[in-house]
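Please keep the sequence and the structure in view while reading.

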Amino acid sequence: MNAWILAVRPKTLPAAISPVIVGSALAFKYGVLNLTVAIAALFVALFLQIGANLANDVFDFYKGADISERLGPVRVTQAGLLSPKEVLAGMWVTFASAGVIGFFLFFQAGWPVLVIGLLSIAAAIAYTGGPFPLGYYGLGDLTVFIFFGPVAVCGTYFIQAYRLDFPVFIASIPIGLLITAILVVNNLRDIETDEAAGKKTLAVMLGVRSTRYEYMICLLLSFVIPIFMLLFGYVSVLVVLVMLVLPFAFSLIRSVWQDIGRALNKTLAGTGQLVLLFSLLFSVGIIIPILIVF
(Lines give C-alpha, C1' and ligand atoms only; values in the text may rest on other atoms or scores of the structure.)
Protein backbone atom coordinates (compact mmCIF):
# COMPACT_ATOMS: atom_id res chain seq x y z
CA MET A 1 0.00 0.00 0.00
CA ASN A 2 2.82 2.43 0.80
CA ALA A 3 4.22 1.88 -2.69
CA TRP A 4 0.90 2.85 -4.26
CA ILE A 5 0.68 5.96 -2.11
CA LEU A 6 4.14 6.94 -3.35
CA ALA A 7 3.05 6.23 -6.92
CA VAL A 8 -0.07 8.39 -6.57
CA ARG A 9 2.04 11.35 -5.34
CA PRO A 10 -0.54 12.98 -3.03
CA LYS A 11 1.35 16.30 -2.97
CA THR A 12 0.49 16.82 -6.65
CA LEU A 13 -3.27 16.50 -6.10
CA PRO A 14 -3.88 20.22 -5.40
CA ALA A 15 -3.22 20.62 -9.13
CA ALA A 16 -6.34 18.53 -9.79
CA ILE A 17 -8.51 20.04 -7.07
CA SER A 18 -7.81 23.74 -7.63
CA PRO A 19 -9.28 24.19 -11.13
CA VAL A 20 -12.51 22.46 -10.07
CA ILE A 21 -12.82 24.73 -7.04
CA VAL A 22 -12.43 27.88 -9.12
CA GLY A 23 -14.66 26.65 -11.96
CA SER A 24 -17.40 25.75 -9.46
CA ALA A 25 -17.06 29.08 -7.65
CA LEU A 26 -17.65 30.83 -10.97
CA ALA A 27 -20.65 28.57 -11.61
CA PHE A 28 -22.03 29.71 -8.25
CA LYS A 29 -21.40 33.35 -9.16
CA TYR A 30 -23.40 33.00 -12.38
CA GLY A 31 -26.19 31.03 -10.71
CA VAL A 32 -25.56 27.70 -12.42
CA LEU A 33 -23.82 25.67 -9.70
CA ASN A 34 -24.75 21.98 -9.74
CA LEU A 35 -23.15 20.44 -6.66
CA THR A 36 -23.54 16.85 -7.86
CA VAL A 37 -21.87 17.65 -11.16
CA ALA A 38 -19.12 19.65 -9.40
CA ILE A 39 -18.32 16.69 -7.11
CA ALA A 40 -18.27 14.32 -10.08
CA ALA A 41 -15.89 16.70 -11.89
CA LEU A 42 -13.65 16.72 -8.82
CA PHE A 43 -13.36 12.93 -8.81
CA VAL A 44 -12.69 12.87 -12.56
CA ALA A 45 -9.93 15.45 -12.09
CA LEU A 46 -8.37 13.45 -9.25
CA PHE A 47 -8.42 10.21 -11.25
CA LEU A 48 -6.91 11.95 -14.27
CA GLN A 49 -4.11 13.42 -12.12
CA ILE A 50 -3.37 10.09 -10.48
CA GLY A 51 -3.43 8.35 -13.86
CA ALA A 52 -1.01 10.94 -15.23
CA ASN A 53 1.31 10.40 -12.25
CA LEU A 54 1.33 6.64 -12.83
CA ALA A 55 1.91 7.15 -16.55
CA ASN A 56 4.86 9.44 -15.88
CA ASP A 57 6.31 6.96 -13.40
CA VAL A 58 6.28 3.99 -15.75
CA PHE A 59 7.04 5.76 -19.05
CA ASP A 60 9.97 7.70 -17.58
CA PHE A 61 11.28 4.33 -16.38
CA TYR A 62 10.95 2.82 -19.86
CA LYS A 63 12.75 5.79 -21.41
CA GLY A 64 15.56 5.72 -18.84
CA ALA A 65 14.83 9.21 -17.49
CA ASP A 66 14.54 7.97 -13.89
CA ILE A 67 17.95 7.02 -12.56
CA SER A 68 19.33 6.18 -9.14
CA GLU A 69 20.72 9.71 -8.84
CA ARG A 70 17.20 11.17 -9.06
CA LEU A 71 16.77 14.19 -6.76
CA GLY A 72 12.99 14.13 -6.48
CA PRO A 73 10.64 11.79 -4.60
CA VAL A 74 10.99 8.06 -5.16
CA ARG A 75 9.60 6.74 -8.43
CA VAL A 76 8.15 3.33 -7.64
CA THR A 77 8.93 1.66 -10.97
CA GLN A 78 12.56 2.72 -11.02
CA ALA A 79 12.96 1.79 -7.33
CA GLY A 80 11.49 -1.67 -7.93
CA LEU A 81 8.66 -1.14 -5.46
CA LEU A 82 6.11 -1.95 -8.16
CA SER A 83 6.61 -3.68 -11.49
CA PRO A 84 5.99 -1.83 -14.77
CA LYS A 85 3.00 -4.12 -15.44
CA GLU A 86 1.48 -3.23 -12.06
CA VAL A 87 1.90 0.50 -12.61
CA LEU A 88 0.49 0.27 -16.15
CA ALA A 89 -2.48 -1.70 -14.84
CA GLY A 90 -3.03 0.91 -12.13
CA MET A 91 -2.86 3.65 -14.76
CA TRP A 92 -5.54 2.05 -16.94
CA VAL A 93 -7.80 1.29 -13.96
CA THR A 94 -7.50 4.90 -12.85
CA PHE A 95 -8.26 6.30 -16.31
CA ALA A 96 -11.17 3.86 -16.61
CA SER A 97 -12.52 5.14 -13.28
CA ALA A 98 -12.35 8.67 -14.63
CA GLY A 99 -14.17 7.45 -17.74
CA VAL A 100 -17.00 5.85 -15.77
CA ILE A 101 -17.72 9.07 -13.90
CA GLY A 102 -17.12 10.97 -17.12
CA PHE A 103 -20.09 9.18 -18.73
CA PHE A 104 -22.36 10.72 -16.10
CA LEU A 105 -20.98 14.14 -17.03
CA PHE A 106 -21.39 13.27 -20.73
CA PHE A 107 -25.10 12.70 -20.21
CA GLN A 108 -25.26 15.99 -18.34
CA ALA A 109 -23.42 18.23 -20.81
CA GLY A 110 -23.09 16.33 -24.07
CA TRP A 111 -20.29 15.58 -26.52
CA PRO A 112 -17.88 18.40 -25.46
CA VAL A 113 -17.33 16.47 -22.22
CA LEU A 114 -16.35 13.38 -24.19
CA VAL A 115 -13.88 15.39 -26.27
CA ILE A 116 -12.35 17.06 -23.19
CA GLY A 117 -12.06 13.72 -21.38
CA LEU A 118 -10.42 11.89 -24.26
CA LEU A 119 -8.00 14.76 -24.92
CA SER A 120 -7.09 14.91 -21.22
CA ILE A 121 -6.31 11.20 -21.08
CA ALA A 122 -4.35 11.41 -24.33
CA ALA A 123 -2.33 14.36 -22.99
CA ALA A 124 -1.64 12.56 -19.71
CA ILE A 125 -0.23 9.57 -21.58
CA ALA A 126 1.53 11.58 -24.28
CA TYR A 127 3.31 13.72 -21.68
CA THR A 128 5.95 11.03 -21.20
CA GLY A 129 4.66 8.15 -23.34
CA GLY A 130 4.24 7.41 -27.02
CA PRO A 131 6.48 8.18 -29.99
CA PHE A 132 6.54 11.94 -29.29
CA PRO A 133 6.48 12.46 -25.50
CA LEU A 134 5.58 16.11 -24.99
CA GLY A 135 7.63 16.50 -21.83
CA TYR A 136 10.75 15.35 -23.66
CA TYR A 137 10.51 18.04 -26.32
CA GLY A 138 9.95 21.20 -24.29
CA LEU A 139 6.15 21.11 -24.59
CA GLY A 140 5.36 20.03 -21.04
CA ASP A 141 4.89 23.53 -19.64
CA LEU A 142 2.45 24.56 -22.37
CA THR A 143 0.53 21.29 -22.06
CA VAL A 144 0.16 21.67 -18.30
CA PHE A 145 -0.94 25.29 -18.63
CA ILE A 146 -3.61 24.47 -21.20
CA PHE A 147 -5.06 21.39 -19.50
CA PHE A 148 -4.86 22.56 -15.89
CA GLY A 149 -5.86 26.14 -16.69
CA PRO A 150 -8.38 26.85 -19.47
CA VAL A 151 -9.44 23.23 -20.09
CA ALA A 152 -9.95 22.30 -16.42
CA VAL A 153 -11.49 25.54 -15.15
CA CYS A 154 -13.63 26.25 -18.23
CA GLY A 155 -14.55 22.58 -18.49
CA THR A 156 -15.76 22.52 -14.87
CA TYR A 157 -17.83 25.62 -15.54
CA PHE A 158 -19.19 24.35 -18.86
CA ILE A 159 -20.60 21.08 -17.52
CA GLN A 160 -22.67 23.13 -15.06
CA ALA A 161 -23.56 26.17 -17.20
CA TYR A 162 -23.67 24.51 -20.67
CA ARG A 163 -21.92 27.59 -22.00
CA LEU A 164 -18.60 29.43 -21.77
CA ASP A 165 -18.17 32.98 -20.51
CA PHE A 166 -15.14 35.18 -21.13
CA PRO A 167 -14.50 36.01 -17.43
CA VAL A 168 -14.24 32.27 -16.75
CA PHE A 169 -11.47 31.96 -19.32
CA ILE A 170 -9.61 34.90 -17.75
CA ALA A 171 -9.99 33.34 -14.30
CA SER A 172 -8.45 30.12 -15.59
CA ILE A 173 -5.17 31.82 -16.49
CA PRO A 174 -3.72 32.29 -12.97
CA ILE A 175 -4.64 28.71 -12.07
CA GLY A 176 -2.88 27.41 -15.16
CA LEU A 177 0.17 29.55 -14.45
CA LEU A 178 0.48 28.44 -10.83
CA ILE A 179 0.14 24.76 -11.70
CA THR A 180 2.68 25.21 -14.49
CA ALA A 181 5.00 26.68 -11.84
CA ILE A 182 4.89 23.31 -10.05
CA LEU A 183 6.31 21.69 -13.17
CA VAL A 184 8.83 24.50 -13.67
CA VAL A 185 10.42 24.03 -10.24
CA ASN A 186 10.34 20.25 -10.72
CA ASN A 187 12.23 20.57 -14.01
CA LEU A 188 14.60 23.17 -12.55
CA ARG A 189 15.58 20.68 -9.86
CA ASP A 190 16.11 17.93 -12.45
CA ILE A 191 17.97 19.90 -15.14
CA GLU A 192 21.21 17.97 -14.84
CA THR A 193 19.69 14.47 -14.63
CA ASP A 194 17.15 15.22 -17.38
CA GLU A 195 19.86 16.53 -19.68
CA ALA A 196 21.99 13.47 -19.02
CA ALA A 197 19.03 11.23 -19.85
CA GLY A 198 18.27 13.10 -23.07
CA LYS A 199 15.01 14.52 -21.70
CA LYS A 200 14.78 18.00 -23.27
CA THR A 201 12.41 19.77 -20.93
CA LEU A 202 11.88 23.48 -21.39
CA ALA A 203 14.14 23.99 -18.37
CA VAL A 204 16.94 22.06 -20.10
CA MET A 205 16.47 24.22 -23.20
CA LEU A 206 16.32 27.53 -21.29
CA GLY A 207 18.96 26.88 -18.65
CA VAL A 208 18.87 27.56 -14.92
CA ARG A 209 18.66 31.36 -14.96
CA SER A 210 15.85 31.63 -17.53
CA THR A 211 13.90 28.83 -15.82
CA ARG A 212 14.05 30.78 -12.59
CA TYR A 213 12.63 33.79 -14.43
CA GLU A 214 9.90 31.58 -15.86
CA TYR A 215 8.91 30.47 -12.37
CA MET A 216 8.89 34.04 -11.08
CA ILE A 217 6.74 35.25 -14.00
CA CYS A 218 4.24 32.41 -13.50
CA LEU A 219 3.76 33.33 -9.85
CA LEU A 220 3.68 37.10 -10.15
CA LEU A 221 1.43 37.19 -13.21
CA SER A 222 -1.03 34.99 -11.34
CA PHE A 223 -1.55 37.79 -8.84
CA VAL A 224 -1.93 40.42 -11.58
CA ILE A 225 -4.84 38.67 -13.34
CA PRO A 226 -7.33 39.03 -10.43
CA ILE A 227 -6.59 42.77 -10.31
CA PHE A 228 -7.22 42.94 -14.05
CA MET A 229 -10.55 41.18 -13.52
CA LEU A 230 -11.43 43.64 -10.76
CA LEU A 231 -10.63 46.68 -12.91
CA PHE A 232 -12.89 45.38 -15.69
CA GLY A 233 -15.73 44.64 -13.30
CA TYR A 234 -15.67 40.87 -13.64
CA VAL A 235 -15.24 40.31 -9.88
CA SER A 236 -15.68 42.29 -6.67
CA VAL A 237 -12.97 43.94 -4.61
CA LEU A 238 -12.90 40.87 -2.36
CA VAL A 239 -10.82 39.14 -5.00
CA VAL A 240 -7.86 40.92 -3.38
CA LEU A 241 -8.03 38.19 -0.74
CA VAL A 242 -5.52 36.34 -2.92
CA MET A 243 -2.95 38.93 -1.86
CA LEU A 244 -2.86 37.26 1.54
CA VAL A 245 -0.60 34.58 0.06
CA LEU A 246 1.59 36.97 -1.94
CA PRO A 247 4.28 36.95 0.80
CA PHE A 248 4.32 33.15 0.54
CA ALA A 249 4.80 33.48 -3.22
CA PHE A 250 7.74 35.84 -2.69
CA SER A 251 9.35 33.37 -0.29
CA LEU A 252 9.03 30.61 -2.90
CA ILE A 253 10.57 32.85 -5.57
CA ARG A 254 13.45 33.59 -3.22
CA SER A 255 13.95 29.86 -2.67
CA VAL A 256 14.01 29.18 -6.41
CA TRP A 257 16.76 31.76 -6.86
CA GLN A 258 18.79 30.52 -3.89
CA ASP A 259 18.39 26.73 -3.85
CA ILE A 260 19.52 24.00 -6.21
CA GLY A 261 18.99 20.27 -6.53
CA ARG A 262 17.25 18.35 -3.76
CA ALA A 263 16.70 21.53 -1.72
CA LEU A 264 14.04 22.50 -4.28
CA ASN A 265 11.80 19.65 -3.14
CA LYS A 266 10.56 21.91 -0.35
CA THR A 267 9.85 24.67 -2.88
CA LEU A 268 8.01 22.17 -5.05
CA ALA A 269 5.74 21.17 -2.18
CA GLY A 270 5.27 24.83 -1.26
CA THR A 271 4.19 25.68 -4.80
CA GLY A 272 1.52 22.99 -4.61
CA GLN A 273 0.30 24.51 -1.35
CA LEU A 274 0.29 27.98 -2.93
CA VAL A 275 -1.91 26.75 -5.79
CA LEU A 276 -4.52 25.41 -3.38
CA LEU A 277 -4.45 28.45 -1.07
CA PHE A 278 -4.67 30.87 -4.00
CA SER A 279 -7.59 28.93 -5.50
CA LEU A 280 -9.48 28.85 -2.22
CA LEU A 281 -9.01 32.58 -1.58
CA PHE A 282 -9.82 33.42 -5.20
CA SER A 283 -13.00 31.36 -4.94
CA VAL A 284 -14.02 32.89 -1.61
CA GLY A 285 -13.55 36.34 -3.12
CA ILE A 286 -15.86 35.32 -5.97
CA ILE A 287 -18.53 33.70 -3.77
CA ILE A 288 -18.87 36.02 -0.76
CA PRO A 289 -20.40 38.99 -2.65
CA ILE A 290 -23.13 36.67 -3.97
CA LEU A 291 -23.85 35.37 -0.46
CA ILE A 292 -24.09 38.92 0.87
CA VAL A 293 -26.67 39.78 -1.79
CA PHE A 294 -28.77 36.77 -0.74
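## Helix packing

In this predicted model, helices H6 and H8 run roughly antiparallel to each other. The angle behind that description is a crossing of roughly 155°, with the axes of H6 (residues 111-126) and H8 (residues 150-161) coming within 11 Å, and the crossing is left-handed. On the H6 side the residues that take part are Pro112, Val113, Ile116 and Ser120, and they meet Val151, Gly155, Phe158 and Ile159 of H8.

| Helix pair | Axes come within | Crossing angle |
|---|---|---|
| H6 and H8 | 11 Å | roughly 155° |
| H9 and H12 | 9 Å | roughly 160° |
| H5 and H6 | 8 Å | roughly 160° |

With a crossing at roughly 160°, H5 is roughly antiparallel to H6, and H5 passes H6 in a right-handed crossing. The residues of H5 that meet H6 are Trp92, Phe95, Gly102, Leu105, Phe106 and Ala109, and their partners in H6 include Trp111, Leu114, Ile121, Ala124 and Ile125.

## Helix H8 and its surroundings

H8 has 12 residues and reaches 15 Å from its first C-alpha to its last, close to the 16 Å expected at 1.5 Å a residue. Because 10 of the 12 residues of H8 are buried, this helix is largely enclosed by the rest of the structure. The buried residues are Pro150, Val153, Cys154, Gly155, Thr156, Tyr157, Phe158, Ile159, Gln160 and Ala161.

Which helices cover the buried residues of H8? The cover includes H2 (14-29), H3 (35-62), H5 (84-109), H6, H7 (140-148) and H9 (166-189).

Leaving aside its neighbours within four places in sequence, Ala152 is in contact with Pro19 and Phe147. Ala152 and Ser18 are 134 residues apart in sequence, yet their C-alpha atoms are 9.2 Å apart in space. After the end of H8 comes Tyr162, whose phi is positive, near 60°.

## Helix H13

H13 (residues 246-258) has 13 residues, and from its first C-alpha to its last it reaches 18 Å, close to the 18 Å expected at 1.5 Å a residue. Where do the buried residues of H13 lie around the axis? Ala249, Leu252, Ile253 and Val256 are buried, and because they cover an arc of only 100° around the axis, they are on the same side of H13. Pro247 and Gln258, on the other side of H13, are exposed.

Conventions. Residues are numbered from 1 along each chain as its sequence is written. This is a predicted model: local features need pLDDT of at least 70, side-chain atom pairs count only at pLDDT 80 or more; totals for chains, interfaces and linings use all residues. Side-chain values use heavy atoms; hydrogens and water are left out. Helices (H or I, at least four residues) and strands (E, at least two) are DSSP runs, numbered from the N terminus. The expected span of a helix is 1.5 Å times one less than its number of residues. Buried means under 20% relative accessible area, exposed over 50%, partly exposed in between (1.4 Å probe, protein chains only). The arc is that of the directions from the helix axis to the C-beta atoms. Axes are lines fitted to C-alpha atoms, for helices over the stretch in contact, and angles run from 0 to 180 degrees between N-to-C directions. Angles under 35 degrees count as roughly parallel, over 145 as roughly antiparallel, 65 to 115 as roughly perpendicular and the rest as oblique. A crossing is left-handed if the near helix is turned anticlockwise from the far one by less than a right angle, and right-handed if clockwise. Contact means heavy atoms within 4.5 Å.
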